[in-house]
Amino acid sequence: MTHSRRNRAALGMAMVVLLGGASRLHAQNSAELLARGMRSSQNLDYDSAASFLRAALAKSGADALPDTSRNRALMFLGATEFFRDHRDSAAAVFTRLLVRNPRYRPDDLIFPPEVASLFQDVRSGLRAVAIRVAPVTEINGPGDRLAVELYATSLHEINAGITRAAGGPVRTIYHGAIGDSLQILWDGRDSSGAIADSGAYLLRVSSRDPSGRVTRVVEVPLDLRTVRRDTLPWPPPMSDSLLLPEQRPGGGGGRALVTGLAAAAVTALLPAVMANGVSGSGTRFVVVAAAGAAGVFGFNIHRHTQSIPANIAQNQALRSNWQRRMDTVRSENAARRGESHLVIRAGTSREGRP
Amino acid sequence: MMRRALCVSLILCLILPPGLSAQLADKLTLGGGLATTKLTTTAGGNTATMSGVTLFGDGQIGKGRFWLAGAYRQGSVKPDVGAGASQDLVEGLLLAQVRALSWLTVGVGPHARALAVPGSTEQWVFIEGRVRGEQEIITGRLSAHVQIHTAFTAHTNIPGGGASGHGGEAGLTLRWARSPIWARLVYVVDRASSTGNRETVEDVALSVGFGRP
């Protein structure tokens with residue numbers, strides 16, 4: 001076997017080993033890779049540990065590590081790089097971890113003080129904020145707000161505000177310092193106090209260094225939907241069939257005349273009929289005259305159209321009642337038109353451009 | 001006494017809460033007025049007439065088609081001729097009535113009359129039946145009525161017995177628009193007879209009242 005043939009054989013073996021190892025790494029799922037990486041790190045096999053942990057963190061899609069495991073993987077990877085004397089790599093990994101979760105702290109029982117000290121140094125120098133907001137918030141009334149929880153790596157100045165996704169500020173919510181955490185609230189209104197229109201918005205939080213330079217921006221997409229309350233239907237028009245006739249056509253005068261005259265005649269004749277032999281009081285002719293005049297008066301009245309006061313009053317009550325219902329619906333609808341119901345859906349937090 | 005009763009009745013009618021009075025009755029009226037009264041007496045072929053003014057009060061209470069009606073009057077009459085003693089006239093009436101038709105009412109009840117002169121009192125007691133027809137001349141405002149009555153039984157303390165009685169009434173009732181106030185003008189003739197005696201009382205009465213008719 002010549003020297004060149006030996007070299008080719010060795011290269012071939014190395015390729016087989018490398019490809020075989022790579023394919024084995026690729027075949028394992030992220031949880032297994034994380035477990036093997038942590039085990040290798042604890043066994044002081046830092047090179048293998050770094051490979052396994054990076055492979056675990058590189059998984060995406062359905063096999064991607066869940067948040068808690070990802071944080072753990074990053075912590076172990078940072079410690080591993082520290083022990084491999086890759087201090088800058090370790091700091092970069094810790095930065096990546098803290099940007100994801102500013103509240104993360106290393107476990108003192110697992111990681112030695114040197115690692116914790118580096119982690120603390122990175123945290124102190126890092127100005128980053130994480131945003132936590134409920135996936136769906138409904139603003140139904142004046143007291144309702146979108147609550148945004150901010151968590152900072154260290155004390156620094158921030159700007160928090162709402163902007164349109166297409167660009168353009170809507171409202172500044174907070175400008176000032178943040179220590180460990182901060183809750184900010186947004187009432188769904190723009191800087192003029194009007195309810196924000198439906199559309200795509202961004203909640204943007206900018207971290208600044210002491211010179212005022214924006215060092216990092218984190219943003220959450222917000223989808224706003226303004227839902228106006230349905231108005232009440234108008235009451236149906238008042239049917240004419242409900243109304244009573246308010247006037248009586250002329251007529252019936254003859255009956256009124258006959259009634260009056262009959263009453264007059266009876267009054268005149270009563271003594272003769274009921275008290276035979278008595279001439280009768282002359283005063284009764286006052287009643288005779290009154291009854292006769294009433295008959296004539298009634299005859300005259302009934303020749304013309306007459307109003308019916310009882311029916312007019314009842315119709316007026318019906319109309320008033322219908323008008324009250326209309327007024328109630330009108331005022332309720334006016335109130336409803338002024339009310340807006342806002343639904344805010346928050347997306348996933350991401351890093352934005354300063 | 002009659003004035004006092006009338007005043008009490010009117011005050012009660014005014015101060016009773018409308019809701020309470022409506023629960024008790026859907027028909028409640030109270031009224032009062034004065035009448036020019038003429039009393040014609042025929043006894044033993046002699047006829048004498050007396051005249052005067054009497055005061056009266058009446059009221060009705062009931063529910064639906066049924067109600068009770070009462071009336072009381074008091075006054076005195078003096079002889080039209082000569083200087084005879086005046087007589088006190090007191091009369092009371094209680095009727096149970098029912099509206100048989102929209103325009104027709106029938107009733108029955110006791111009717112008592114007393115004529116008092118110094119030393120004696122002439123008394124009449126009847127159980128009467130009454131029929132009354134009423135027709136409107138102007139709807140809701142003015143109506144006319146005619147009423148006749150006859151005694152089913154009659155008693156008197158005048159010697160001779162054979163008491164009987166009958167009579168009639170006609171008049172007008174005016175109601176104020178959208179008001180419970182009414183006014184009434186009537187002519188009444190009422191004859192009481194016994195053996196050898198006839199007494200006829202005629203009234204032209206004007207009254208005002210309050211309440212749902």
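## Sheet pairing in chain B

Strand 3 and strand 4 (residues 87–99) of chain B pair in the antiparallel sense over twelve bridges. Strands here are DSSP runs of E with at least two residues, helices are runs of H or I with at least four, and both are numbered from the N terminus. Two strands pair if DSSP finds at least two bridges between them. Phe66(B) has Val98(B) in strand 4 of chain B as its bridge partner.

Strand 3 (residues 66–79) of chain B is also joined to strand 2 (residues 46–63) of chain B, by 14 bridges. These two strands run antiparallel. Leu55(B) stands opposite Gln74(B) in strand 3 of chain B. Strand 2 and strand 3 of chain B form a hairpin with two residues between them. In its turn, Gly64(B) has a positive phi of about 65°.

## Model and confidence

This is a predicted model, in which local features need pLDDT of at least 70, side-chain atom pairs count only at pLDDT 80 or more, and totals for chains, interfaces and linings use all residues. Residues are numbered from 1 along each chain as its sequence is written, while chains are lettered from A and ligands numbered from 1 in the order in which they are written.

The predictor gives the complex an ipTM of 0.85 and a pTM of 0.50. pLDDT is the predictor's confidence in each residue, from 0 to 100. Chain A averages 87, and 92% of its residues score at least 70. Chain B averages 87, with 87% of its residues at 70 or above. Within chain A, confidence is lowest in helix 1 (residues 3–27), at a mean of 51. Confidence in chain A is highest in strand 7, at 94. Over residues 12–23 of chain A, pLDDT stays under 50. For that stretch the model has zero contacts beyond four places in sequence.

## The interface

Contact between the chains involves 26 residues of chain A and 26 residues of chain B. Two residues are in contact if their C-beta atoms, placed from the backbone, lie within 7 Å. On the side of chain A that touches chain B, the elements giving two or more residues are helix 7 (253–274), helix 8 (284–303) and helix 9 (309–338) of chain A. Helix 7 of chain A provides the largest share, ten residues.

By class, this side of chain A has 17 nonpolar, eight polar and one charged residues. Ala, Val, Leu, Ile, Met, Phe, Trp, Tyr, Cys and Pro count as nonpolar; Asp, Glu, Lys and Arg count as charged; the others, Gly among them, count as polar.

## Helix packing in chain A

Helix 7 and helix 8 of chain A pack at an angle of about 175°, with their axes 7 Å apart. Axes are lines fitted to C-alpha atoms, for helices over the stretch in contact, and angles run from 0 to 180 degrees between N-to-C directions. The two helices are therefore roughly antiparallel to each other. Angles under 35 degrees count as roughly parallel, over 145 as roughly antiparallel, 65 to 115 as roughly perpendicular and the rest as oblique. Residues making the contact include Gly253(A), Ala256(A) and Gly260(A) of helix 7, and Ala291(A), Gly295(A) and Phe299(A) of helix 8. The contact divides into twelve nonpolar, nine polar and two charged residues.

Helix 3 (residues 46–58) and helix 4 (residues 67–83) of chain A pack at about 150°, with axes 9 Å apart. This pair, too, is therefore roughly antiparallel. Among the contacting residues are Tyr46(A), Leu53(A) and Arg54(A) of helix 3, and Arg70(A), Phe76(A) and Glu81(A) of helix 4. Here the classes are eleven nonpolar, one polar and three charged.

## Strands of chain A

Three strands of chain A form an open sheet in the order 1-3-6, with antiparallel pairing. Strand 1 (129–133) and strand 6 (181–186) stand at the edges, each with a single partner strand, so one side of each is left without a neighbour in the sheet. Neighbouring strands of this sheet are turned by 25° against each other on average, direction ignored. Six bridges join strand 3 (residues 146–152) of chain A to strand 6 of chain A. Ala147(A) has Leu185(A) in strand 6 as its bridge partner.

Strand 7 (residues 199–208) and strand 8 (residues 214–228) of chain A run antiparallel, joined by ten bridges. Ser207(A) stands opposite Arg216(A) in strand 8. The two strands form a hairpin with five residues between them, and Gly212(A) in the turn has a positive phi of about 95°. Strand 8 of chain A is also joined to strand 12 (residues 350–352) of chain A, antiparallel, by three bridges. There, Val218(A) stands opposite Glu351(A).
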